[in-house]
There are 2 protein chains.
Amino acid sequence: MPPSLPSPSSVTRAAITLPILARAASTTSAGTAVTPNKPPPSKDHHVHTYSPEAFPLGYTVSSTHAGIKKKAGALDLGILVSTSDTPCSAAACMTRNVFKAAPVTVTSELLRNSNGRAKGFIINSGCANAVTGKKGLEDAWSMSNTTTSQLPPSGAQSDKEGTLVMSTGVIGQHLPISSILDKIPELIRTLDDSPKSWLDLSKAFMTTDTFPKLRAKTFKIGDRLIRMAGIDKGAGMIAPNMGPPQPPHATLLGVIATDAAIKPEDLQNALNYAVDRSFNNITVDGDMSTNDTILCLANGAAGSAEHGGRETEEKMKELTEKANPEEFGIFKEQLREFAEELAQLVVRDGEGATKFVTIRVKGAPTYEIANAVAKSVANSSLFKTAMYGEDANWGRILCAVGYTPLSPNPISPTSVSVSFLPPAASSNTTPLRLLTNGEPEPNIDEARASEILKEEDLEIEIDLGDGNEEAKVWTCDFSHEYVTINGSAEEEEGWMYD
Amino acid sequence: MPPSLPSPSSVTRAAITLPILARAASTTSAGTAVTPNKPPPSKDHHVHTYSPEAFPLGYTVSSTHAGIKKKAGALDLGILVSTSDTPCSAAACMTRNVFKAAPVTVTSELLRNSNGRAKGFIINSGCANAVTGKKGLEDAWSMSNTTTSQLPPSGAQSDKEGTLVMSTGVIGQHLPISSILDKIPELIRTLDDSPKSWLDLSKAFMTTDTFPKLRAKTFKIGDRLIRMAGIDKGAGMIAPNMGPPQPPHATLLGVIATDAAIKPEDLQNALNYAVDRSFNNITVDGDMSTNDTILCLANGAAGSAEHGGRETEEKMKELTEKANPEEFGIFKEQLREFAEELAQLVVRDGEGATKFVTIRVKGAPTYEIANAVAKSVANSSLFKTAMYGEDANWGRILCAVGYTPLSPNPISPTSVSVSFLPPAASSNTTPLRLLTNGEPEPNIDEARASEILKEEDLEIEIDLGDGNEEAKVWTCDFSHEYVTINGSAEEEEGWMYD
C-alpha cells in the first residue's frame, strides 16, 4: 500500500527550542523565520502522512504531555505495544559511548533477560536520564516495569518480556518520574493504530528536531505483504557508532516496527547490518551521544497477501537466516533501505543544516577504508563550512582525505580523483571532475561548479583508485545557525540535550 | 635580556583576508570591527616588540612583497640566514597528512642530504604550493636553490647545505615563481638583524592570521646566555600532527632559531619532544593541514655570558644529549616552553576565536590516554559552541570524554570528575566542581559558573581517577565568525588556504 503523498502537517515543536530558533532567524542571514508549532517551510515536505493500511499490523501506539517539556501540551511521552498473538522479537543497536544513559542500560538488560523479546517500548523526550547515577537507573526501571504491569495480559507473551525504554533530552537531570508514572494509565487507555497516533508518537520523540520523522512502507516476501513503520529523531550530537547490546553502549533514537516474523537473533543480525550502513554512516557534528538507540520490533502479525489487509488469521512462520536465506535476504535489504531513509531524515534536520551532502568513496581496497575516508571528509569543519558557503573547495576535501586516521595509511596521493555530482533529479546530471589522479583539472568550469553547489542535495565522489570497495556517508553543512543553536546557554532547560 | 613590554604595533594584513573579516564584522553579532592593517583591538596585546639584544646572534632576516598576496606592499616572501661561523644545525617536524605539499617534500630532502644542516630558509605566504604536481616540486626546488646559490659563501658551511622552504596559502595553485625568483637578490641585499626586520618576517608568514606571531627569549645554560626567537602562523586548518621528516608528511608554519650549539640529531630529538607537547596539542578546527612545518635552527653563535651580547669570539661546543645530559635537558625544556608559547598564539588567533580554553586531563593511566581524551573534548563542536555561548555544559564534555577513540577503552564512568578553573590571574581562583566520580554535583553555583565562563581564558580539568598521568591540549571556541570566515567562497583568491 503506497503512502499518500506528503502533505503539510501541523507539528508541535517543543517549547524549549523555540527561543533558539527564533534567535537564529533574527541573527543569521541564513536563518529562516520559524512559525511556532510548524516545521520551517524548507523542511515541511519531509513530513509525510500515510493511510491506515500503511502501518504494520498488530501494534498500537499513544502519546501524551507529561510535563517533561515545559510547553503546555507538547508531546513528551509515548508508548508502542505489540498486540499480535505471536511473540514480538526485539533487537537493538546502542551507543558505544562510555557514558551510557540509564535507559540504555535497562533496555540492554531487558533484552538479555527475555532472549530478545519485548511487549513494546516507552519513550520520553525532554530529559535524557543520562549521568543520573543510581536514581536514574531506578527511574528507568520504574518507567519500564510500571508500563509492563499495567498492560493487559497477552497469550503470546511470557512474564520475561518487558517494555523497553528510551529517553532523550537534557543530560544530568532527573526525570520527573512521578508525573511520568501518573500518565501511564492514560497512555494505555488511549492506545490505537490510527495514522494520527503514529504521527503523534513521532512528535513525542522530538527535541531540537524541526519536524517529526515518521516513515512507513510495504514490500513482499514471497506472497506475503510485509509492513514496516519507522520513527526517529535527532538533529545535533549526531555521529552514531552503535553496536548490539552486550556490552551495552547509543542521541539518535529510532524504532522500526514490522509485522514480519523473524527470530530474535536473526532480527539482531539484520539490524546490525542495516545500522552499520545507515545510522552509523550519518554525521551532523561528529559528537557521539550517550543515548543513541535504534530498536527493531518484529511481531509476526503479517497476514498473507491474499488477505490483503487487516486479516491476520494465517500467520507467518518466523523467518530465519538459516532456513530461509533468500527470504531473509529480502528482509535484510528492505530493512537496510528503510533504515537509510530514516537516517537521512536526521541529516536533513541537522542543526542549522541547509545542505544534504552524500560523500561517496569508491575505488578503495576495503569497505572499512572507504568508510573511514568518507567519515573524515564528512566531519571536517572546513569542508562543512565550504558547503555552507557553496564553495568548490576541493583542497579541503583532499586535506581531510589525507588525514584520515588509518594505520598503515594505504592512500596514494597520485591516484585520488574527486568529482562533484548534482542530484539525480536535476536537469543536468553531468558530474564535474575537479581532480584526476592527484592533479587538479586544468580548466574547471566555475559556472558549473557553482550551479551544482547551489543545489540542496549534492554528492562528492572520491575515487581512491586502489580497489573496488565503496562506502557512502551522509552529512550536512555547518552554518551560522548551528552556532546559534548550540552557542546559546539554553537557560530555560539548563545543561544540554543529548 | 628581557623583552620590552608588548606595545601596539602597525601590522600589514594580507589583502586577501580583509573582505572576509570585514564581512564578519558586519554579519555576526560576535564580530568586532577590524581596521585594515591593524590587528583587531582584542588581539593587539599579543603583538610583542623586542630590543635588538633579545634576538639570537648570527642570524639575519629580510622580507618583501613578491605579488603573491594581491594587496600592494603586503609582505609575502621572506628569508632567514645563519651568518654564524659555526655550522647551523636544522631539524623539522612536518605534517603526517598523506597529501604533503611540495615545500614539505623539498625541505625533508634537503635535511636528509645535509645530515641536518642548513643555511637558513625561505618562506612565502599566499600560495601553499600544495597539490601542484611536478611543477610544484620544481618551483619549490627553484626557490631553495636560487637562494642558496646567491648567498655569499660561508666558511662554516659545506656545499651540501641548502635553504629550507616553507609555503602557506591557497591549495591547488601554482606559485608565481618568476616574481619570487626575481625578488631573491633584493631579499639577500636587505638582510639585517634589526627588530623591525624580525617583525616584518613574521608578517610575511601571515595568511588568515589577524596578528603577526613573534616571540624572543633568553636563558642560561651554565654561564652561557642563549637566545631564542620564534615565529609562527596559523588560524584555521589547525590540528597538527607532526613527526620528524622521513617519511616526510604539515598549515601551521613555525620556526625557532637559537644561537645555542646543538648537534643535529639532538636538535631533532629536542624538537620532537617540544612539538609533541605544544604544536601537536593545539586545535582550532580539527583539520590537519598539508603544509604544517616547524623548523628549528641552532647556529652555535652564542657567546659566553661574560661577553654579554654581540661578541661571539668564545664559541660554545655543540651540546649533545649523551655528553651533556644536564645542559641538554635545560635546552629541551626551554624549547618546549617556548614552543608552547608560540603554539598558544595560534589558538589565540584561531579563526573567529573569542575564548582560549585549556583542557587538562589528569588521573590517567598513560599520557597517551590523557592526550586522546583531551583532544576528543577539544575537537567537539558541541563543546566549542558551548564555550562560545558561555554555557556550563558539562554534559557535552562528558559525552566527548566517553567517545574518545580508545581501544580497549579504560575509562570508568563512575570515576570521572570535572571542574572549571578560572585563569590564574583572576581575583577568585577557586575551581568550580561540576561532576564528582560520575555523579553531578547537587548544587552547582550557577553564578560562579557564569563568572568563570565570562573569562577569555579558562581551564577545564577532567580527572579520570585512574592513574597519575596528565596531558594538556589548547583549543578555542566555535563562533559565528568561524562560519563567516570559512563559509565564504573567497572568490578573490579562489580555492582555499591550507
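Helices here are DSSP runs of at least four residues, numbered from the N terminus. With that in hand, let's walk through a few places in this predicted model.

Leu187(A) belongs to helix H4 of chain A, which covers residues 177-189. Its relative accessible area is 0%, so Leu187(A) counts as buried, the cut-off being under 20%. What does Leu187(A) touch, leaving aside residues up to four places away in sequence? The contacts are Ser62(A), Ser63(A) and Thr64(A), together with Leu77(A), Gly78(A) and Ile79(A). Ile79(A) is 108 residues apart from Leu187(A) along the chain, and 7.0 Å separates their C-alpha atoms.

Thr320(A) sits in a loop instead, between strand S11 (293-298) and helix H7 (325-348) of chain A. Thr320(A) is buried as well, because its relative accessible area is 14%, against a limit of under 20%. Its side chain reaches the backbone nitrogen of Ala323(A) at 3.0 Å. With residues up to four places away in sequence set aside, Thr320(A) touches Lys263(A), Asp266(A), Pro325(A) and Phe328(A).

Here are the two residues side by side:

| Residue | Location | Relative accessible area |
|---|---|---|
| Leu187(A) | helix H4 (177-189) of chain A | 0% |
| Thr320(A) | loop between S11 (293-298) and H7 (325-348) of chain A | 14% |

**Enclosed elements**

S3(A) and S11(A) run antiparallel and are joined by six bridges. One of the pairs links Ser89(A) to Ala298(A) in S11(A).

**A seven-stranded sheet in chain A**

Strands pair through backbone hydrogen bonds, in either a parallel or an antiparallel way. In chain A, seven strands make up an open sheet with mixed pairing, in the order S10-S17-S12-S16-S13-S14-S15. S10 (282-283) and S15 (439-440) of chain A stand at the edges with a single partner strand each, so one side of each has no neighbour in the sheet.

Further in, how do S13 (residues 417-421) and S14 (residues 432-436) of chain A run, parallel or antiparallel? They run antiparallel, with three bridges joining them. Ser419(A) has Arg433(A) as its bridge partner in S14(A).

Note on methods: Residues are numbered from 1 along each chain as its sequence is written. Chains are lettered from A and ligands numbered from 1 in the order in which they are written. This is a predicted model: local features need pLDDT of at least 70, side-chain atom pairs count only at pLDDT 80 or more; totals for chains, interfaces and linings use all residues. Side-chain values use heavy atoms; hydrogens and water are left out. Helices (H or I, at least four residues) and strands (E, at least two) are DSSP runs, numbered from the N terminus. Buried means under 20% relative accessible area, exposed over 50%, partly exposed in between (1.4 Å probe, protein chains only). Contact means heavy atoms within 4.5 Å. A polar contact is a pair of N or O atoms within 3.5 Å; within protein, one must be able to donate a hydrogen and the other to accept it, and residues adjacent in sequence count only if both atoms are side-chain atoms. Two strands pair if DSSP finds at least two bridges between them.
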